[in-house]
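Trainee: I have a structure open and would like to learn how to read it. Can we go through it feature by feature?

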Amino acid sequence: MANPLRVTIEVGPKGKKVIAVAQDWPGLERGAKTEELALERLQAYLPRYAPIAALAGMDGEFAANTALNIVEHYPGVGSTDFWGISFAFSSIDKQPMSSEELERELTLMRACWSFFDMVRARVSAEMQKGTRGGGKDRDDIVRHTLYAELQWAKMIGVLTPGAEMLTDEGLTAHRAAYCTAIRDYHAQGKPAGKLAKWPLRYLIRHTAYHALDHSWEMEDKNLAGA
């Protein structure tokens with residue numbers, strides 16, 4: 001049976017950028033200059049998200065989402081307009097999660113990580129140069145992606161040394177600790193960060209988005225023809 005895909009719309013305070021967020025599928029978010037264009041971009045990226053749903057064992061559920069259903073408009077922040085990605089919390093982000101809902105979110109976040117690892121293993125070391133990402137090659141994109149995650153991990157008490165993120169063993173341990181810490185914070189009813197107070201739903205989808213967005217960037221700039 002076909003189901004609508006719940007979408008929230010984040011609007012930058014100056015109206016420069018609008019972000020369409022698929023709230024039930026962490027990582028699936030696209031921004032543009034207008035709501036119409038953001039929704040078009042989100043729709044266009046559904047086939048690119050399908051492999052992530054498959055890695056999570058949710059390909060059948062994802063395939064049943066055939067139409068976008070806008071359920072909320074909410075205000076963004078300055079970074080929404082500047083970066084063109086989601087930096088604010090919808091009412092859905094702030095809703096409490098059951099343990100089952102949390103595990104579903106974590107499964108999809110881990111699928112985004114797995115996809116990121118698969119992409120970086122098969123793309124060319126040298127990337128096509130262009131406006132997006134400037135002159136960054138594959139290893140630069142990988143380091144940026146992993147090191148950014150270190151900053152969010154600190155918000156939930158995970159303090160992985162940067163050098164360890166660049167080893168297979170260290171990255172595996174970091175990701176396990178990240179998921180464990182999220183579960184611990186969920187059990188205590190705590191948001192991430194003493195000052196930022198990110199809802200855990202937002203932390204998960206932001207982490208998933210960043211890994212997935214740079215996965216797609218590497219695919220788009222790949223010179224290996226695969």
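Mentor: Start with Met97, which sits in the loop between helix H4 (78–83) and H5. Helices here are DSSP runs of H or I with at least four residues, strands are runs of E with at least two, and both are numbered from the N terminus. This is a predicted model, where local features need pLDDT of at least 70 and side-chain atom pairs count only at pLDDT 80 or more, while totals for chains, interfaces and linings use all residues. Residues are numbered from 1 along each chain as its sequence is written, and side-chain values use heavy atoms, with hydrogens and water left out.

Trainee: Is Met97 buried or exposed?

Mentor: First the scale: buried is under 20% relative accessible area, exposed is over 50%, and partly exposed is in between (1.4 Å probe, protein chains only). Met97 has 12% relative accessibility, so it counts as buried.

Trainee: Which residues is Met97 in contact with?

Mentor: Contact means heavy atoms within 4.5 Å. Leave aside neighbours within four places in sequence, and Met97 contacts Leu102, Glu105, His186, Leu200 and Arg201. Now compare sequence with space. Met97 and Gly189 are 92 residues apart in sequence, yet 9.6 Å apart C-alpha to C-alpha.

Trainee: What about Lys129 and Lys197, in other loops?

Mentor: Lys129 is in the loop between H5 and H6. Its relative accessible area is 43%, so Lys129 is partly exposed. Lys197 belongs to the loop between H8 and H9. Lys197 also counts as partly exposed, at 47% relative accessibility. Check its backbone too: Lys197 has a positive phi of about 50°, although it is not a glycine.

Trainee: How do I read two packed helices?

Mentor: Two packed helices are described by the angle between their axes and the distance between the axes. The axes are lines fitted to C-alpha atoms, for helices over the stretch in contact, and angles run from 0 to 180 degrees between N-to-C directions. Take H6 (residues 138–154) and H9 (residues 200–221): the angle is about 175°, and the axes are 10 Å apart. That makes H6 roughly antiparallel to H9. The cut-offs are under 35 degrees for roughly parallel, over 145 for roughly antiparallel, 65 to 115 for roughly perpendicular, and oblique for the rest.

Trainee: Which residues of H6 meet H9?

Mentor: On the H6 side they are Arg138, Ile141, Val142, His144, Thr145, Ala148, Glu149 and Trp152. Their partners in H9 include Leu203, His206, His210 and His214. By class, the contact has seven nonpolar, six polar and four charged residues. Nonpolar here covers Ala, Val, Leu, Ile, Met, Phe, Trp, Tyr, Cys and Pro; charged covers Asp, Glu, Lys and Arg; the others, Gly among them, are polar.

Trainee: How many residues are in the largest nonpolar core?

Mentor: In soluble globular proteins, nonpolar side chains tend to be buried together. A nonpolar core is a set of buried Ala, Val, Leu, Ile, Met, Phe, Trp, Tyr and Cys residues joined through side-chain atoms within 4.5 Å. The largest one has 61 residues, and Trp25, Leu28 and Leu203 are among those with the most contacts inside it. H5 gives the most to this core, with ten residues. Trp25 contacts Leu5, Tyr49, Phe62 and Leu108, among others beyond four places in sequence.

Trainee: How many aromatic pairs does the structure hold?

Mentor: Rings of Phe, Tyr and Trp (its six-membered ring) pair if their centres lie within 6.5 Å; planes under 30 degrees apart are stacked, over 60 edge-to-face, and the rest tilted. The structure holds eight such pairs. Phe82 and Trp83 have ring centres 4.9 Å apart and planes at 85°, so this pair is edge-to-face. Phe82 and Trp83 are both exposed. Trp113 and Tyr178 form a tilted pair, 5.9 Å centre to centre with 45° between the planes. Trp113 lies in H5 and Tyr178 in H8, so the pair ties together parts 65 residues apart in sequence. Both Trp113 and Tyr178 are buried. Ring pairs also link Trp25, Tyr49 and Phe62 into a cluster.

Trainee: Where is His174, and is it buried or exposed?

Mentor: His174 is in helix H8. At 1% relative accessibility, His174 counts as buried. Its contacts beyond four places in sequence include Glu149, Leu150 and Ala153. Glu169 is also in helix H8, but Glu169 is exposed, with a relative accessible area of 62%.
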